[in-house]
Structures are given as C-alpha cells and as structure tokens.
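I opened my notebook on a new protein chain today. Here is what I looked up, in the order I looked.

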Amino acid sequence: MITHTPAYPQSEQSKPDPERPDGVSPVEEDARPRRRQFSPTMRRWLYAAAAVIILIAIWLVVRALTSGAGAPRYITKTVAYADISSTIEETGTVNPVNEVQVGTQVSGTINSLEVDYNSIVHKGQVLATLDPTSLQATALQVRGAQAAAQSNASAASSTASQSAAAIAAADANAKVSSANALSAKANLAKAQAALALSQTTVARDRNLLAQGYIAQSQMDTDRAAYNANAADVSAAQAALVAARAQASASAIQVGAASDQHAASLYQASAAASQAQAAQGQVQQAEYNLQRAVITSPIDGIVVSRAVSVGQTVAASLQTPTLFVIASSLRDMQVDVSVSEADVGQLKTGAQAQISVPAFPNVVFQGTVQQVRINPTTVSNVVTYDAIVAVHDDSSRLKPGMTADVVIALATHTHVLSIPAAALLFKPAGAASGGGSRGGAN
C-alpha cells in the first residue's frame, strides 16, 4: 500500500528565515516549549537547601556507623586441651664461648703474617713473626756475660778452697806449737825439780864438810851439779817462752786464715750469685727470642687482625692486641640481660629458642648455662646477665649478632585452656576502675 502525503503550500510565515543560522522560522520558534528561568535569589536558596540535605545525610550515616561500632561483638572459641608454657622474651648478643686476644710480650717490627681474617688455626700454629735482630744481639751479649760470671765464680771457689787448706795448715801448726809449749813447760818443771834437789844437796854438803864428814871434792861436785841445774832451768824457761810465742803466732795465723777463708767464701757466693743472675738474663733473652714467633694459644678461627707487615708494636706498659681468636663458631653463647622481675624464675638448664635477623626462618635451640649474680644498673634499671649456650654444626651464627631469645620457664601439657583474651576483654564505655569481664565459650 502506498500512502501519499498531500502537499500543502507553505505560507510566508512558515518559511525559514534565511538570516537565522539555524534556519528556524519565527513561527516555529514561538511554537517551541520555553525553559523556566530562576532568579539569582532563588538559585541561592536552592543551593543552601541542597547543602543542608547533604549534611543531614552525612550525619545520619555517621550516627548509624557509630552506634553500630559501640555495640559489643563476641568471638567464640571452644574450650580445649592444649600445651601451655611460661616464657621470658629478651634480646641478647651472640658471642663465642671462648675468645682470646693474642698479643706480644716483646717489642719489635712485624716481619711476616701467616694468617688473616677468618683463618682456621690450631694450637701452636704460627700467626706472625717479629724481626729478631735486636733480640738475637741481646741474647748473644748476655751469654758472654754469663760466661764471664761463671769464670769469676770458678776462680772465687778455687780461692775459697785454697783458704780452707791454709786454715788446715795453720791449725796443724798451732797444734804443734801448743804441744811444744806443753813439752817446754814439762822440761822447765823437771829442771826446776833437779835444781831444788841440787840446792838441798849443796846445803847438806856444807854442814857435812864443816864437820869433816865429806871431802871438799864432793862439795865441789855437788855445787857444779847445782849450777848446771840452774842453767837448765833458765834454758827451760826460755824454751817455754819461745814455745808459747810460737803457739800464739800459730793461733794468730789460724785466725787470719779463717778471716781470709770467710772473705773467699763471700766472694765465691757473690760470684755464684752473679753467675746465677747471668743465667737468668740468658733465659730471659732466649724467652724473648722465642716470643718473636707469635703462635696461637687455642684451636679456633681468627676473628680480627690489628697489625700489618712492617708495623712496629711496643710491649711496654700494656700488651698490644694483634689478633682475636674465637674458639669455634659451632659452639656459641648468647649474652642476655634479664630484668630483675624475671630473674627469680630463671634457672640453669632452662631451654631457649634463639632467632637472629640474618636467618629469620631458623630457630636455634639453646640452654641456659649460667645466671650471673653480678647486677648491671643503667638509668636505675637493674638487669642480670644470663648465658645461653647454643650449638650449630653449620656455624651460621656470627659474633656480635643481635638475637631474640625466648626462654621457657615452665611447660604443662594437655591442660584445659581458654584464650587469654577472654579474660582481658572489657566492653567499650565501661568505667576505668573496673567493669564486667566477658568470656569465651
């Protein structure tokens, strides 16, 4: 079916206005619906009303959210059996069990270094050597002084032996002189007895001669015997005086020999002391020469090295530290500072779990080896050092690491338990001094 639209002639008013850019005629413009126009005052009122509506909506939303958050919400959990434990959580520092600072007892210049950082060493292994030139010269000098002192000691000992022999000879001479004096005294007594007898005989002969009983010749013979005995007495007295003088001289010789022997003994003792002192100097020089070779006192690993080749070290008032050697990185200890509130519960042998930032997913097992009674006070806070021993076959722990230590004080297995949060819950808005405590089922 075909529909035909009748063609009506356009009037003059409905013709498009060629002067308008949109090509709309005045009649069509009047036939269009016109938009409502608002005044500026009306617009301001409309904007204010919209703002009030928005604020009321926001207030309602906030109130609804606030009233919902203030209502208590409960999380329930079934009471069950579990393993519970009481622990102490502290921070400590990882250190070697045994750390030795190796120094030098003699001064000198570092001639060679045999080890470096992280070197594994054994007891007696050479770590470094000093230049031994001056030490060798000192040792040679004291050996010469020792030889001279020993020679002087030998000479003084020989002199003392000779003086002892002189004492023996003087003593023998004194004994002979004393015997001679005794003999001279006996001879004098004998001569005096003979003289007295001859004197008596002469007196008796004088009476007998006067009476004519004896001849003059007998008188002369007895008088001659008297004179001879008198001469013998004089000779015996002189011999006694000489013998006594000789005995006195012998005694003086014995005293002089004794004094000389005492002086010889003193010189020998002094020489022996000098020889002994020289021997000590030789031993000290040899010891210093041996100390020019620095060796490790323990088996371990070199943690630090403080010297280089050519550096001069002076061992005067304080021994310089050349190396620091840790016994082993497999056996370490953690020095933990425990507060005074917890130290009363801490016991030797308690188990501990140790973690370090370098190995965040690894837990090392340790044991409390010692709780030291020496307190440490910092800013009026008192702590006590606890030593936790830890063993690691991989030697992953390094000296100086910061460790988090959890020490188990007591552990109970298969205990009926509830979460601690159930006992600590406090409803919002409760009084600060107390309030109803909630629980968990």
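I am working with a predicted model, where local features need pLDDT of at least 70, side-chain atom pairs count only at pLDDT 80 or more, and totals for chains, interfaces and linings use all residues. I number residues from 1 along each chain as its sequence is written, and side-chain values use heavy atoms, with hydrogens and water left out.

**Whole chain.** I found five helices and 14 strands; these are DSSP runs numbered from the N terminus, helices being H or I of at least four residues and strands E of at least two. Of the 441 residues, 24% count as buried, meaning under 20% relative accessible area, with exposed being over 50% and partly exposed in between (1.4 Å probe, protein chains only). Among contacts (heavy atoms within 4.5 Å) with a separation of 6 or more, 75% join residues 24 or more positions apart.

I then checked V94: beyond four places in sequence, its contacts include M332, V334, V356, L397 and A403.

**Surface.** The chain exposes about 29400 Å², of which carbon and sulfur atoms supply 55%; the areas come from the Shrake-Rupley method with a 1.4 Å probe, and for residues only the protein chains shown count as cover. I noted V79 in the loop between α2 (40-69) and β1. V79 is partly exposed, with a relative accessible area of 37%.

**A sheet.** Which strands form the open sheet? The order is β2-β9-β7-β4, with antiparallel pairing; two strands pair if DSSP finds at least two bridges between them. β2 (99-103) and β4 (120-121) stand at the edges with a single partner strand each, so one side of each has no neighbour in the sheet. β4 pairs with β7 (residues 300-305) over two bridges, in the antiparallel sense. I looked up V121 as well, and its bridge partner in β7 is G300.
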